[in-house]
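Dear colleague,

Please find the structure below, handed over for your records.

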Amino acid sequence: MTTYTAGSRTLGPRGGPVAPPVVSPTSSARFAERARARRTVARRKAAGIAGGTVVVGALGWLLLLSPVLALEPQDVQVEGAGTVVAVDQVLAVADAHAGTPLPRLDTVGLRDEVLEVPGVREARVTRAWPHGLLVVLVAREPVAAVPEDGATGFALLDMEGVQVGRVDAPPDGLPVVDVPVGDARTLSAVLSVLEQLPADLLAQVQGVSASTQDTVAMQLRDGVTVEWGSASETPLKIAVLSTLRSSGAAAGATVIDVSAPRLPITS
(Lines give C-alpha, C1' and ligand atoms only; values in the text may rest on other atoms or scores of the structure.)
Protein backbone atom coordinates (compact mmCIF):
# COMPACT_ATOMS: atom_id res chain seq x y z
CA MET A 1 0.00 0.00 0.00
CA THR A 2 1.45 3.39 -1.08
CA THR A 3 0.53 6.82 0.35
CA TYR A 4 1.08 9.94 -1.71
CA THR A 5 1.52 13.42 -0.34
CA ALA A 6 0.41 16.46 -2.25
CA GLY A 7 1.28 19.79 -0.68
CA SER A 8 0.21 19.74 2.95
CA ARG A 9 -2.48 17.12 2.48
CA THR A 10 -1.89 13.43 2.84
CA LEU A 11 -3.60 11.18 0.33
CA GLY A 12 -4.55 7.63 0.81
CA PRO A 13 -4.01 4.86 -1.67
CA ARG A 14 -7.15 5.91 -3.51
CA GLY A 15 -6.34 9.60 -3.46
CA GLY A 16 -8.62 10.50 -0.46
CA PRO A 17 -7.37 12.60 2.51
CA VAL A 18 -6.10 10.85 5.63
CA ALA A 19 -7.47 12.12 9.01
CA PRO A 20 -4.85 13.98 11.10
CA PRO A 21 -3.49 12.07 14.11
CA VAL A 22 -5.53 12.45 17.32
CA VAL A 23 -2.53 12.00 19.60
CA SER A 24 0.49 14.26 19.45
CA PRO A 25 3.05 12.74 17.13
CA THR A 26 5.97 13.10 19.51
CA SER A 27 6.68 11.60 22.96
CA SER A 28 7.37 14.98 24.54
CA ALA A 29 3.99 16.28 23.41
CA ARG A 30 2.23 13.23 24.84
CA PHE A 31 4.04 13.65 28.18
CA ALA A 32 3.03 17.32 28.24
CA GLU A 33 -0.61 16.42 27.63
CA ARG A 34 -0.57 13.88 30.44
CA ALA A 35 1.05 16.37 32.80
CA ARG A 36 -1.58 18.97 31.99
CA ALA A 37 -4.32 16.37 32.61
CA ARG A 38 -2.79 15.45 35.98
CA ARG A 39 -2.55 19.11 36.99
CA THR A 40 -6.18 19.64 36.01
CA VAL A 41 -7.31 16.66 38.13
CA ALA A 42 -5.16 17.85 41.04
CA ARG A 43 -6.62 21.37 40.84
CA ARG A 44 -10.13 19.96 40.82
CA LYS A 45 -9.39 17.76 43.86
CA ALA A 46 -7.86 20.68 45.72
CA ALA A 47 -10.86 22.86 44.91
CA GLY A 48 -13.22 20.11 46.08
CA ILE A 49 -11.31 19.63 49.34
CA ALA A 50 -11.21 23.37 49.96
CA GLY A 51 -14.91 23.71 49.26
CA GLY A 52 -15.73 20.76 51.53
CA THR A 53 -13.58 22.22 54.30
CA VAL A 54 -15.43 25.54 54.05
CA VAL A 55 -18.81 23.79 54.17
CA VAL A 56 -17.81 21.63 57.18
CA GLY A 57 -16.36 24.63 58.98
CA ALA A 58 -19.47 26.70 58.36
CA LEU A 59 -21.71 23.85 59.50
CA GLY A 60 -19.59 23.31 62.63
CA TRP A 61 -19.77 27.00 63.49
CA LEU A 62 -23.52 27.01 62.91
CA LEU A 63 -24.13 24.02 65.16
CA LEU A 64 -21.51 24.43 67.86
CA LEU A 65 -20.71 28.11 68.19
CA SER A 66 -23.45 30.28 66.74
CA PRO A 67 -26.55 31.39 68.68
CA VAL A 68 -28.84 29.84 66.08
CA LEU A 69 -29.41 26.73 68.25
CA ALA A 70 -28.57 28.25 71.64
CA LEU A 71 -30.54 27.26 74.76
CA GLU A 72 -33.13 29.85 75.74
CA PRO A 73 -34.48 29.62 79.32
CA GLN A 74 -38.04 30.49 78.31
CA ASP A 75 -38.11 27.35 76.17
CA VAL A 76 -37.32 24.97 79.06
CA GLN A 77 -40.29 22.82 80.09
CA VAL A 78 -40.49 20.83 83.36
CA GLU A 79 -42.94 17.95 83.87
CA GLY A 80 -43.64 15.67 86.84
CA ALA A 81 -42.61 18.03 89.66
CA GLY A 82 -45.42 16.76 91.87
CA THR A 83 -46.11 18.42 95.22
CA VAL A 84 -42.57 18.51 96.58
CA VAL A 85 -40.09 19.58 93.88
CA ALA A 86 -39.60 23.33 93.46
CA VAL A 87 -39.86 23.95 89.72
CA ASP A 88 -37.93 27.22 90.00
CA GLN A 89 -34.93 25.30 91.33
CA VAL A 90 -35.02 22.96 88.33
CA LEU A 91 -35.30 25.94 85.97
CA ALA A 92 -32.34 27.58 87.73
CA VAL A 93 -30.21 24.55 86.85
CA ALA A 94 -31.13 24.94 83.18
CA ASP A 95 -30.69 28.74 83.29
CA ALA A 96 -27.04 28.26 84.23
CA HIS A 97 -26.51 26.80 80.74
CA ALA A 98 -28.40 29.49 78.82
CA GLY A 99 -26.74 30.43 75.55
CA THR A 100 -25.04 27.06 75.09
CA PRO A 101 -25.80 25.57 71.64
CA LEU A 102 -27.99 22.49 72.06
CA PRO A 103 -25.59 20.17 70.17
CA ARG A 104 -22.89 21.02 72.74
CA LEU A 105 -25.14 20.72 75.76
CA ASP A 106 -24.24 17.80 78.06
CA THR A 107 -27.69 16.42 78.85
CA VAL A 108 -26.23 13.64 81.04
CA GLY A 109 -24.38 16.16 83.19
CA LEU A 110 -27.47 18.36 83.29
CA ARG A 111 -29.53 15.40 84.47
CA ASP A 112 -27.06 14.81 87.32
CA GLU A 113 -27.44 18.45 88.35
CA VAL A 114 -31.24 18.15 88.34
CA LEU A 115 -31.01 15.06 90.58
CA GLU A 116 -29.42 17.29 93.23
CA VAL A 117 -32.63 19.31 93.53
CA PRO A 118 -34.47 18.27 96.73
CA GLY A 119 -37.36 15.92 96.10
CA VAL A 120 -36.19 14.64 92.70
CA ARG A 121 -35.92 10.84 92.56
CA GLU A 122 -35.39 10.39 88.81
CA ALA A 123 -34.92 12.78 85.89
CA ARG A 124 -34.67 12.68 82.10
CA VAL A 125 -33.40 15.63 80.05
CA THR A 126 -33.91 15.81 76.28
CA ARG A 127 -33.30 18.55 73.73
CA ALA A 128 -36.35 20.34 72.33
CA TRP A 129 -35.14 21.88 69.09
CA PRO A 130 -34.31 24.55 68.23
CA HIS A 131 -33.83 26.33 71.59
CA GLY A 132 -35.41 24.33 74.42
CA LEU A 133 -35.20 21.43 76.82
CA LEU A 134 -37.75 18.98 78.19
CA VAL A 135 -37.06 17.91 81.79
CA VAL A 136 -39.24 14.99 82.94
CA LEU A 137 -39.10 14.28 86.66
CA VAL A 138 -40.14 11.50 88.99
CA ALA A 139 -40.70 13.26 92.29
CA ARG A 140 -40.31 11.81 95.74
CA GLU A 141 -43.92 12.12 96.81
CA PRO A 142 -44.52 11.81 100.56
CA VAL A 143 -46.49 8.73 101.63
CA ALA A 144 -46.26 9.15 105.39
CA ALA A 145 -45.70 11.70 108.13
CA VAL A 146 -43.42 10.60 110.96
CA PRO A 147 -43.26 12.47 114.28
CA GLU A 148 -39.81 14.00 114.72
CA ASP A 149 -37.81 12.81 117.70
CA GLY A 150 -37.73 15.50 120.38
CA ALA A 151 -39.67 17.99 118.23
CA THR A 152 -43.25 18.93 117.62
CA GLY A 153 -43.18 18.65 113.84
CA PHE A 154 -43.43 15.80 111.38
CA ALA A 155 -40.96 14.55 108.78
CA LEU A 156 -42.49 13.71 105.41
CA LEU A 157 -41.11 10.47 103.97
CA ASP A 158 -41.39 8.97 100.51
CA MET A 159 -41.79 5.27 99.74
CA GLU A 160 -38.03 4.72 100.13
CA GLY A 161 -37.90 6.36 103.55
CA VAL A 162 -36.20 9.50 102.21
CA GLN A 163 -37.27 12.70 103.94
CA VAL A 164 -38.75 15.08 101.38
CA GLY A 165 -40.01 17.78 103.72
CA ARG A 166 -41.09 18.84 107.18
CA VAL A 167 -44.38 20.16 108.49
CA ASP A 168 -45.74 21.30 111.83
CA ALA A 169 -48.93 19.28 111.40
CA PRO A 170 -49.57 16.19 109.27
CA PRO A 171 -51.16 17.06 105.91
CA ASP A 172 -54.73 15.97 105.27
CA GLY A 173 -54.87 12.56 103.63
CA LEU A 174 -51.34 11.55 104.67
CA PRO A 175 -51.11 8.75 107.29
CA VAL A 176 -49.09 9.32 110.42
CA VAL A 177 -46.54 6.56 111.07
CA ASP A 178 -45.57 5.60 114.61
CA VAL A 179 -42.54 3.30 114.79
CA PRO A 180 -39.60 3.01 117.20
CA VAL A 181 -37.07 5.78 116.60
CA GLY A 182 -34.16 4.57 114.48
CA ASP A 183 -35.76 1.21 113.65
CA ALA A 184 -35.12 1.20 109.90
CA ARG A 185 -36.44 -2.32 109.33
CA THR A 186 -39.80 -1.62 110.97
CA LEU A 187 -40.14 1.68 109.10
CA SER A 188 -39.29 -0.09 105.84
CA ALA A 189 -42.02 -2.69 106.49
CA VAL A 190 -44.61 0.03 107.12
CA LEU A 191 -43.63 1.98 103.99
CA SER A 192 -43.69 -1.22 101.92
CA VAL A 193 -47.29 -1.83 102.99
CA LEU A 194 -48.33 1.75 102.25
CA GLU A 195 -46.66 1.65 98.84
CA GLN A 196 -48.72 -1.36 97.78
CA LEU A 197 -52.10 -0.07 98.95
CA PRO A 198 -54.49 1.03 96.19
CA ALA A 199 -55.29 4.73 96.19
CA ASP A 200 -58.84 4.30 97.55
CA LEU A 201 -57.64 2.23 100.52
CA LEU A 202 -54.65 4.48 101.19
CA ALA A 203 -57.00 7.45 101.42
CA GLN A 204 -58.84 5.68 104.27
CA VAL A 205 -55.68 5.19 106.36
CA GLN A 206 -55.31 7.74 109.13
CA GLY A 207 -52.28 6.22 110.85
CA VAL A 208 -49.97 3.24 110.93
CA SER A 209 -48.14 1.86 113.95
CA ALA A 210 -45.68 -0.97 114.44
CA SER A 211 -43.40 -2.05 117.26
CA THR A 212 -41.62 -4.58 115.01
CA GLN A 213 -41.61 -5.33 111.30
CA ASP A 214 -44.15 -8.13 111.91
CA THR A 215 -46.72 -6.12 113.88
CA VAL A 216 -47.93 -3.49 111.43
CA ALA A 217 -51.39 -2.14 112.27
CA MET A 218 -53.45 0.51 110.44
CA GLN A 219 -56.01 2.86 111.92
CA LEU A 220 -58.69 3.72 109.35
CA ARG A 221 -60.50 7.05 109.33
CA ASP A 222 -63.82 5.40 110.23
CA GLY A 223 -62.35 4.09 113.51
CA VAL A 224 -61.58 0.53 112.38
CA THR A 225 -58.19 -0.97 113.28
CA VAL A 226 -56.65 -3.37 110.77
CA GLU A 227 -54.08 -5.79 112.16
CA TRP A 228 -51.79 -6.30 109.18
CA GLY A 229 -48.84 -8.23 110.57
CA SER A 230 -45.77 -8.24 108.31
CA ALA A 231 -45.47 -6.78 104.81
CA SER A 232 -45.58 -10.26 103.27
CA GLU A 233 -48.64 -11.29 101.22
CA THR A 234 -49.82 -7.68 101.13
CA PRO A 235 -51.73 -8.11 97.82
CA LEU A 236 -53.71 -11.03 99.33
CA LYS A 237 -54.37 -9.06 102.53
CA ILE A 238 -55.67 -6.14 100.47
CA ALA A 239 -58.05 -8.44 98.60
CA VAL A 240 -59.32 -10.04 101.83
CA LEU A 241 -59.83 -6.68 103.58
CA SER A 242 -61.64 -5.26 100.56
CA THR A 243 -63.92 -8.31 100.37
CA LEU A 244 -64.76 -8.21 104.07
CA ARG A 245 -65.62 -4.51 104.06
CA SER A 246 -67.59 -4.54 100.81
CA SER A 247 -69.59 -7.69 101.62
CA GLY A 248 -70.75 -6.51 105.02
CA ALA A 249 -69.02 -9.42 106.74
CA ALA A 250 -67.12 -6.93 108.88
CA ALA A 251 -70.08 -4.65 109.55
CA GLY A 252 -69.92 -3.30 113.08
CA ALA A 253 -66.41 -4.68 113.66
CA THR A 254 -63.84 -2.38 115.21
CA VAL A 255 -60.90 -4.71 114.55
CA ILE A 256 -60.15 -6.66 111.39
CA ASP A 257 -57.20 -9.02 111.59
CA VAL A 258 -55.76 -10.02 108.20
CA SER A 259 -52.29 -10.90 109.47
CA ALA A 260 -53.15 -14.50 108.50
CA PRO A 261 -55.14 -13.61 105.36
CA ARG A 262 -56.48 -17.12 104.80
CA LEU A 263 -58.06 -17.05 108.29
CA PRO A 264 -59.15 -13.44 108.84
CA ILE A 265 -60.74 -12.46 112.14
CA THR A 266 -63.19 -9.66 112.88
CA SER A 267 -64.24 -8.43 116.30
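The buried residues of helix H6 (under 20% relative accessible area) are covered by elements that include helix H4 (184-196), helix H5 (199-202), strand S12 (225-229), strand S13 (255-257) and strand S14 (265-266); contact here means heavy atoms within 4.5 Å. This is a predicted model, in which local features need pLDDT of at least 70 and side-chain atom pairs count only at pLDDT 80 or more, while totals for chains, interfaces and linings use all residues. Residues are numbered from 1 along each chain as its sequence is written, and side-chain values use heavy atoms, leaving out hydrogens and water.

Helices (H or I, at least four residues) and strands (E, at least two) are DSSP runs numbered from the N terminus. H6 comprises 14 residues, 234-247. Its buried residues are Thr234, Lys237, Ile238, Val240, Leu241 and Leu244. Seen down the axis of H6, these fall within an arc of 165° (directions from the axis to the C-beta atoms), so they line one face of the helix. The face turned away from that buried side carries Pro235 and Ser246, both exposed (over 50%). Gly248, with a positive phi near 85°, follows H6.

Fifteen residues line it, with Val146, Pro147, Val179, Val181 and Gly182 nearest its centre. Strands S6 (144-147), S7 (154-157) and S9 (176-178) each supply at least two residues of this lining.

With kind regards

Conventions: 1 Å grid on protein atoms, 1.4 Å probe; cavity = no way out; pocket = protein on both sides within 12 Å on 5 of 7 lines; lining within 4 Å. Expected span 1.5 Å × (residues − 1). Buried < 20%, exposed > 50% of the residue type's maximum accessible area, 1.4 Å probe, protein only.
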